[in-house]
Amino acid sequence: MFKRIAILGLFSVALLASEIALTKIFSVIFWYHFGFLILSTSMLGFALAGLLMRVYREKLALIDTEKFVAFGVAASGLLLVLSLCLITNNHFSPLSVSTSLADMLKLISATVVLLPPFVMMGAVVLYMLQT
C-alpha cells in the first residue's frame with residue numbers, strides 16, 4: 001500500500017512539474033498569455049481521461065494494475081518529450097494569430113499535440129485512485 005501511495009505521489013509531483021515547466025516554456029517561446037493555455041489543455045486532458053476511463057471501465061478492469069501504470073508512466077513521458085519537440089519547432093507569430101489562418105492552425109496544433117500526454121497522465125492517476 002505504501003509503495004502505491006509513493007508512486008502516486010511521485011507521479012503527481014512529476015505531473016505538476018511538467019505543467020509548470022510547459023507553462024514557463026510557452027511564456028518564453030510565445031507570449032505570457034499563451035502560458036495559461038497549458039493549464040486549460042491539462043484540465044481538458046484530465047477530463048478526457050476521466051471520460052475514457054468511464055466509457056472503457058469494463059475493458060480496463062481486465063488489465064493488471066502494475067502493467068497499466070508502468071505503460072502509462074512510460075507512455076506519458078515519451079509523449080511529453082515528443083510534444084515538446086513538436087511545439088518548439090512550431091513557430092507562429094502571436095501578433096498574427098487573429099489575422100492569419102496559418103498561425104491560428106499552428107496554435108491549435110500546438111494545443112492538440114499537448115493533449116495526449118495529459119490524457120495519459122490523467123488516466124494513470126485515475127487508474128491508481130480507482131483500484
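**View 1. Phe68 is buried, with a relative accessibility of 12%.** Welcome to a predicted model, in which local features need pLDDT of at least 70 and side-chain atom pairs count only at pLDDT 80 or more, while totals for chains, interfaces and linings use all residues. Residues are numbered from 1 along each chain as its sequence is written, and side-chain values use heavy atoms, with hydrogens and water left out. Here "buried" means under 20% relative accessible area, "exposed" over 50%, and "partly exposed" in between, with a 1.4 Å probe and protein chains only. Phe68 belongs to the buried residues of α4, which also include Val69, Gly72, Ala75, Ser76, Leu80, Ser83 and Ile87. Those buried residues pack against α1, α2, α3 (57-61) and α5, contact being heavy atoms within 4.5 Å. Helix α4 has 24 residues and reaches 34 Å from its first C-alpha to its last, close to the 34 Å expected at 1.5 Å a residue; the expected span is 1.5 Å times one less than the number of residues.

**View 2. The model has two aromatic pairs.** Rings of Phe, Tyr and Trp (its six-membered ring) pair if their centres lie within 6.5 Å; planes under 30 degrees apart count as stacked, over 60 as edge-to-face and the rest as tilted. The rings of Phe46 and Phe118 are edge-to-face, because their centres are 6.1 Å apart and their planes stand at 85°. Phe46 sits in helix α2 (residues 36-55) and Phe118 in helix α5, so this pair ties together parts 72 residues apart in sequence. Phe46 is partly exposed at 26% relative accessible area, whereas Phe118 is buried at 0%. Phe68 and Tyr127 make a tilted pair, with 4.2 Å from centre to centre and 40° between the planes. Since Phe68 lies in α4 and Tyr127 in α5, that pair ties together parts 59 residues apart in sequence. Tyr127 is buried, with a relative accessible area of 3%.

**View 3. The largest nonpolar core has 21 residues.** A nonpolar core is a set of buried Ala, Val, Leu, Ile, Met, Phe, Trp, Tyr and Cys residues joined through side-chain atoms within 4.5 Å. Phe26 and Phe34 have the most contacts inside this largest core. Helices α1, α4 (65-88) and α5 (101-130) each supply at least two of its residues, and α5 gives the most, with eight. Leaving out residues up to four places away in sequence, Phe34 touches Phe26, Phe92, Pro94, Val97 and Leu107. Apart from this core lies another, of eight residues, among them Leu60, Val119, Ala123 and Tyr127.

**View 4. Ser18 lies in helix α1 (residues 2-29).** Is this serine, Ser18, buried or exposed? Ser18 counts as buried, because its relative accessibility is 10%. A polar atom of the Ser18 side chain lies 2.7 Å from the backbone oxygen of Leu15. For reference, a polar contact is a pair of N or O atoms within 3.5 Å; within protein, one must be able to donate a hydrogen and the other to accept it, and residues adjacent in sequence count only if both atoms are side-chain atoms. Setting aside neighbours within four places in sequence, Ser18 is in contact with Leu80 and Met121.

**View 5. Arg57 and Glu58 meet in a salt bridge.** Side chains of opposite charge can pair when their charged atoms come close. The criterion is a side-chain nitrogen of Lys or Arg within 4 Å of a carboxyl oxygen of Asp or Glu. The structure holds one such salt bridge, and its N to O distance is 3.6 Å. Arg57 is partly exposed at 40% relative accessible area, and Glu58 is partly exposed at 48%.

**View 6. Val112, in helix α5, is exposed at 52% relative accessibility.** Which distance separates Val112 from Thr41 in space, C-alpha to C-alpha? Val112 and Thr41 are 8.3 Å apart, although 71 residues separate them in sequence.

View 7. Helices (H or I, at least four residues) and strands (E, at least two) are DSSP runs, numbered from the N terminus. Along the sequence the pattern reads α-α-α-α-α. The C-alpha trace spans about 50 × 25 × 20 Å along its principal axes. Of the 131 residues, 36% count as buried. Among contacts between residues at least 6 apart in sequence, 78% join residues at least 24 apart.
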